[in-house]
Amino acid sequence: MTDTMTKPVESLSEYVDRARAWLAALEPRFGAEARKGLSVEQDLALAREYQTLKSEAGYACITLPREIGGGGGTELHKILFTQEESKYDYPTVYFGVSLGMPVPMMLRYADQETIQRLIPPSIRGELIWAQLFSEPAAGSDLAALRTRAVRDGDGWRIDGQKLWTSWAQFADYAIGVFRTDPTVAKHAGLTFFWLDMKSPGITVKEVRKLAGKTSEINEVFFDNVYVPDSQRMGEVGAGFRVAIETLMIERYSVTDENMGGPSLYDVAKFAANARINGRPALDDGQVRHALADALVERQGLRSIHRRALNAMAAGEEPGPEGSIRKLRLARRRQIIAELSLDLLGAQGIALDPEVSRAQDAAWSWIEIPGGRIAGGTDEILRNTIAEKVLGLPQDYRPDKKVPFNQIG
Ligand SMILES: Cc1cc2nc3c(=O)[nH]c(=O)nc-3n(C[C@H](O)[C@H](O)[C@H](O)COP(=O)(O)OP(=O)(O)OC[C@H]3O[C@@H](n4cnc5c(N)ncnc54)[C@H](O)[C@@H]3O)c2cc1C
C-alpha cells in the first residue's frame with residue numbers, strides 16, 4: 001500500500017485524483033452491488049476489511065497521526081476524501097460513532113499505553129466503540145441521568161440503563177457518563193468513564209426501527225458492572241463538562257456527505273428523468289427553485305463547517321455555531337428526500353429492504369427524521385442558538401441548583 005502523506009509536495013488536486021483512483025478500484029469489492037443481500041454480520045465483516053484498507057492507505061481518520069493508523073493529513077484532506085467516498089455506497093456506517101467521538105475523546109483523556117493498545121485496532125475497524133449517554137428519562141436533559149456509579153475499592157460499580165446506544169450490539173468498548181453523587185446539583189454529580197462492553201453484568205438489547213432489517217440503536221443494561229478508577233476520564237464530578245466536550249465534537253463529525261439518502265446530484269438526475277405536464281421536470285420553475293435553494297444552503301453550511309474545522313485544526317474548541325449547521329443539515333436531508341419522492345412518483349414509494357442507503361429515497365425519507373433527534377433535537381439546538389449564539393436569556397431551569405436526590 002502507498003502512504004498518502006509521505007509525499008510532501010502532493011497538491012490537493014493530486015490528492016483527490018489519487019483518492020478517486022483508489023476508491024474506484026475498490027467498487028467491485030465494497031460497492032452497492034457487492035453489498036446487496038448481505039446479512040448485517042456479513043456487511044460488518046466487509047466493512048472491517050474496507051476500514052483496514054483505508055487505514056493502511058492513510059484514508060482512515062485522516063487528521064490523526066500515521067503512527068496510530070490515521071492519515072496524518074489536514075481537515076481539508078478529510079473533507080475532500082469524504083466527498084469522493086460518499087459517491088459510493090461503501091460500508092462505513094458501523095464506525096461513525098466509534099471513530100467520530102469515542103476515539104478522539106480517548107486521544108484526549110486516555111494514557112499512552114491504552115491509546116497504543118486500543119486506538120490503532122479501532123481505526124482499522126477491528127474494535128468498535130459506543131457512546132453511553134442517553135437514558136429512558138435523560139436525553140435532551142442529559143444531566144437528569146440516573147445510572148449510578150458507586151465507589152468500590154480501586155474502582156466503581158455501575159447499575160442502571162442506557163438507551164438509544166448506537167451500534168452497542170457490536171461494540172467492544174464504550175465511553176459514558178454516570179451519576180457518582182446524587183446529593184449535589186444534577187450537573188455536578190456526574191463522572192465520565194471508558195469501559196469494556198464485554199464486562200460481566202452488561203446486557204445489550206436491540207431496539208427495532210420502522211425503516212429496516214437492522215437497527216443500530218439498543219438498550220444497554222448494567223448490573224453491578226465493575227470499572228477500574230484508572231478508566232475515569234476527567235475529575236470525579238466533571239462528567240457533564242466532558243460529555244459536552246464530546247457533543248461538541250459530535251456536531252462537527254456529521255457532514256452533509258455522510259448523512260445518507262440521495263445526493264443533490266441524484267435529485268438533479270431524478271428531475272432530468274421525471275416529467276411534469278408533459279415537459280421535463282428540470283424545466284419546471286418550482287423544481288429549479290427547490291434545487292437552487294438546496295444548493296445555496298449546502299454551500300453555506302459547508303462554509304460554516306470548514307471554518308469550524310480550520311479553527312479546530314488551529315487548536316481552538318468548536319463553538320456553538322455547530323448547532324446552526326446540525327439543525328439545518330438534518331432538515332435539509334428530509335426536504336431532499338421529500339423532493340426525490342415527488343420526482344420519482346409511485347416508483348419511489350416501493351420500499352426495497354435490499355437496496356442501499358445511498359440509492360433509496362423512500363428509505364431515507366423514513367430514516368432521516370432520526371437525524372433530527374440524534375445528537376440534539378431541533379428544539380434543543382434552537383435553544384443553544386438562542387442562548388449561546390444570539391445571547392438571549394436562558395431557558396427556565398428550575399431544578400438547576402437543587403440536589404439531584406431532592407428533585408421530585
Ligand atoms: C438514530 C439515533 C441514534 C442515537 N444514538 C445515540 C447514542 O449512540 N448514544 C446516546 O447516548 N444517545 C443516542 N441517541 C439518543 C439521542 O441523543 C436522544 O434521543 C436525544 O438527545 C433526545 O432525547 P430523548 O429521546 O430522551 O427526547 P426528550 O429529551 O425526552 O425530548 C422529547 C421532545 O421534547 C423536546 N424538548 C425536550 N427538552 C426541551 C426544552 N428544554 N425545550 C424545548 N423542547 C424540549 C425535544 O426537542 C423533543 O421533541 C440516539 C438517538 C437516535 C434517534
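Modeller: Count the other C-beta atoms, placed from the backbone, within 10 Å of a residue's own: 20 or more makes it buried, 12 or fewer exposed, and anything in between partly exposed. This is a predicted model, in which local features need pLDDT of at least 70, side-chain atom pairs count only at pLDDT 80 or more, and totals for chains, interfaces and linings use all residues. Residue numbers start from 1 along each chain as its sequence is written.

Biologist: Why is A281 called partly exposed?

Modeller: A281 has 18 other C-beta atoms within 10 Å. A281 sits in the loop between β9 (279-280) and α11 (285-313).

Biologist: What does A281 contact, leaving aside its neighbours within four places in sequence?

Modeller: A271, A274, R275, I276, V287 and L343. A contact needs C-beta atoms, placed from the backbone, within 7 Å. S215 is 66 residues from A281 along the chain, and their C-alpha atoms are separated by 35 Å.

Biologist: What makes S230 count as exposed?

Modeller: S230 has 12 C-beta neighbours inside 10 Å, and 12 or fewer means exposed, so the label holds. S230 lies in the loop between β7 and α9 (239-253). G155 is 75 residues from S230 along the chain, yet their C-alpha atoms are separated by 7.7 Å.

Biologist: How do you know that β2 and β3 pair?

Modeller: The rule asks for at least two DSSP bridges between two strands. Strand β2 (residues 148-152) and strand β3 (residues 155-163) have 5 bridges, in the antiparallel sense. The pair therefore passes the rule. D152 stands opposite G155 in β3. The hairpin of β2 and β3 has 2 residues between the strands, and G153 there takes a positive phi near 60°.

Biologist: Over how many bridges do β3 and β7 pair?

Modeller: Over 8 bridges, again antiparallel, with β7 covering residues 218-228. R157 has Y226 in β7 as its bridge partner.

Biologist: What makes a run a helix or a strand?

Modeller: Helices are DSSP runs of H or I with at least four residues, strands are runs of E with at least two, and both are numbered from the N terminus. The chain has 15 helices and 9 strands.

Biologist: Which residues come nearest to the ligand?

Modeller: F133, G139, S140, S166 and T377, out of 19 residues around the ligand. β1 (129-132) and α15 (378-389) are the elements that give two or more residues to this shell. The largest share, 3 residues, comes from α15. A shell residue has its C-beta atom, placed from the backbone, within 6 Å of the molecule.

Biologist: Which domains each give the shell at least three residues?

Modeller: Domain 2 (129-238) and domain 3 (254-389). The assignment also gives domain 1 (12-91), and such bounds are automatic or from a database. The C-alpha centres of domain 1 and domain 3 lie 22 Å apart.

Biologist: How do you know that the radius of gyration agrees with a compact globule?

Modeller: The globule rule, over C-alpha atoms, is 2.2 Å times the number of residues to the power 0.38. For 408 residues that is near 22 Å; the chain has 22 Å, so the two agree. The C-alpha atoms fill a box of roughly 70 × 50 × 40 Å along the principal axes.

Biologist: What share of the chain counts as buried?

Modeller: 35% of the 408 residues. Among contacts with a separation of 6 or more, 71% join residues 24 or more positions apart.

Note on methods
Two residues are in contact if their C-beta atoms, placed from the backbone, lie within 7 Å.
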